[in-house]
Amino acid sequence: MKPGNGFASNILEIIKAEVAGTQRPFDQLRQGMHDVLGDGGILKEVVRPGEGPPVPRNASLIMHYSGYLEYCNQPFETTQNFKHPPMMKLGREVRLAGMELGVLTMQKGEFSRFLLQPEYAYGAIGCPPMIPASAVVLFEIQIVDYFDSGQVDDFNAMSPVGKLQGETYSPEKDTISIILMSEVEQNAVPLSTFLEVIGTLRSFGNRCFAKSRYDNAKGHYKQALALLGNRETRGDAEKERITAALLLVYLNLSLTELRLDSPQKALKYSNKALEIDAANTKALYRCGRAYMELGEYESAQGRLIAAQAKKPFDRDINNLLKKVAMCYKDSLDKEKDMCLKMFKHL
């Protein structure tokens, strides 16, 4: 269910009922809502429940929302027209107190309505000319996904004890900046927490990748790679988990570099992945693609045949193998023709 679905039709019915002499539209909506804070300032109706824990403070959200004034069935602000719902940081992009406090009561996948009094919305002044003074507003919100970016912020904000240079990022702006990080303090963080930070960075990268923002995705993956490289492992079990996380990041980077038309770099990261897992079909396939784009068809065939041995019915592997075989044949034919022309007079 997209935000806006349900309210636009319902409000028309409520407005018609109000004209007939019954309650005002927002008064009628209040009857099915519960008081979030106990002061009547934020009322909530769950249209579709979500699952999992509630949104944490300082999270970065992927959400749809629409805002309505009373008696208006068209939103004054909406994300429904966006191809991809925006990523918004609580306390930064999400600036309305009522919206932020409401979101903190929601779960992933949840779709809810919030009726906000002026003190939790646009205040006594409003936001002319769109929002009148002392306006009560209704927001429909759907949480598509969220990332606990506050945990990453805390990790990167550790005071510089060691002089280790690294990269940090601004997820809501998809930007990279250089900072000094404390090697000592970061290595003191429990492994589970550290791997959650890595997972969040990869999630941000995956989100950027899905939106075809490959340079931004690469920045997040490289930040994760730098942190993994700086981590001091304690024992074989911890080293194994770090290595498994490295494999995923190498695979992310190899595909991203292919999308950025950088086959040489894609080959580097694919080979790094193969050093960890020599039978990894994704790494073998991306090696094959990189070699093909570099015109090294024999090497491409070797990698793809190895991948095919693991997944003989994989359509992508088989199709690329056919394409490489054709390119290889064309290359050999051209080479043969060139040799014939060179030695024709003999």
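1. Tyr71 counts as partly exposed, at 34% relative accessibility; here buried means under 20% relative accessible area, exposed over 50%, and partly exposed in between, with a 1.4 Å probe and protein chains only. Tyr71 lies in the loop between strand 4 (60-69) and strand 5. Although Tyr71 is not a glycine, its phi is positive, at about 75 degrees. Most residues other than glycine have a negative phi, and most peptide bonds are trans.

2. On the basis of the note: this is a predicted model, in which local features need pLDDT of at least 70 and side-chain atom pairs count only at pLDDT 80 or more, while totals for chains, interfaces and linings use all residues. Residues are numbered from 1 along each chain as its sequence is written, and side-chain values use heavy atoms, with hydrogens and water left out.

3. The protein chain has 12 helices and 11 strands. Helices (H or I, at least four residues) and strands (E, at least two) are DSSP runs, numbered from the N terminus. Of the 346 residues of the chain, 45% count as buried. Among contacts with a separation of 6 or more, 66% are between residues 24 or more positions apart; a contact means heavy atoms within 4.5 Å.

4. Asp261 is found in the loop between helix 8 and helix 9. At 65% relative accessibility, Asp261 counts as exposed.

5. Helix 8 (residues 236-259) and helix 9 (residues 263-276) have axes 8 Å apart and an angle of about 155 degrees. Helix 8 is therefore roughly antiparallel to helix 9. Axes are lines fitted to C-alpha atoms, for helices over the stretch in contact, and angles run from 0 to 180 degrees between N-to-C directions. Angles under 35 degrees count as roughly parallel, over 145 as roughly antiparallel, 65 to 115 as roughly perpendicular and the rest as oblique.

6. The crossing of helix 8 and helix 9 is left-handed, a term for a near helix turned anticlockwise from the far one by less than a right angle, with right-handed used if clockwise. On helix 8, the residues in contact include Leu246, Leu247, Tyr250 and Leu251, and on helix 9 they include Ala266, Tyr269, Ala273 and Ile276. By class, this contact has 10 nonpolar, 3 polar and 3 charged residues. Ala, Val, Leu, Ile, Met, Phe, Trp, Tyr, Cys and Pro count as nonpolar, Asp, Glu, Lys and Arg as charged, and the others, Gly among them, as polar.

7. Helix 9 has 14 residues and reaches 20 Å from its first C-alpha to its last, close to the 20 Å expected at 1.5 Å a residue. The expected span is 1.5 Å times one less than the number of residues. Pro263, Ala266, Leu267, Tyr269, Ser270, Ala273 and Leu274 of helix 9 are buried. These buried residues pack against helix 7 (214-230), helix 8, helix 10 (281-293) and helix 11 (297-310).

8. Helix 7 has 17 residues, which should span 24 Å at 1.5 Å a residue, and its end C-alpha atoms are 24 Å apart, in agreement. Buried residues of helix 7 include Tyr214, Ala217, His220, Tyr221, Leu225 and Leu228.

9. Helix 10 and helix 11 have axes that come within 8 Å and cross at roughly 160 degrees. These two helices are therefore roughly antiparallel to each other, and their crossing is left-handed. Among the residues making the contact are Leu284, Tyr285, Gly288 and Tyr291 of helix 10, together with Ala300, Arg303, Leu304 and Ala307 of helix 11. The contact of helix 10 with helix 11 has 10 nonpolar, 3 polar and 2 charged residues.

10. Ser112, in strand 8, counts as buried at 0% relative accessibility. Ser112 and Val46 are 66 residues apart in sequence, yet 4.4 Å apart in space, C-alpha to C-alpha. Leaving aside neighbours within four places in sequence, Ser112 is in contact with residues including Lys44, Val46, Met106, Phe139 and Ile141.

11. Two further loop positions deserve a note. Thr79, in the loop between strand 5 (77-78) and strand 6 (87-89), is buried, with a relative accessible area of 1%. Beyond its neighbours within four places in sequence, Thr79 is in contact with Met63, His64, Tyr65 and Pro86. Pro128 and Pro129 are joined by a cis peptide bond, with omega about 0 degrees, and Pro129 lies in the loop between strand 8 (111-116) and strand 9 (137-147).
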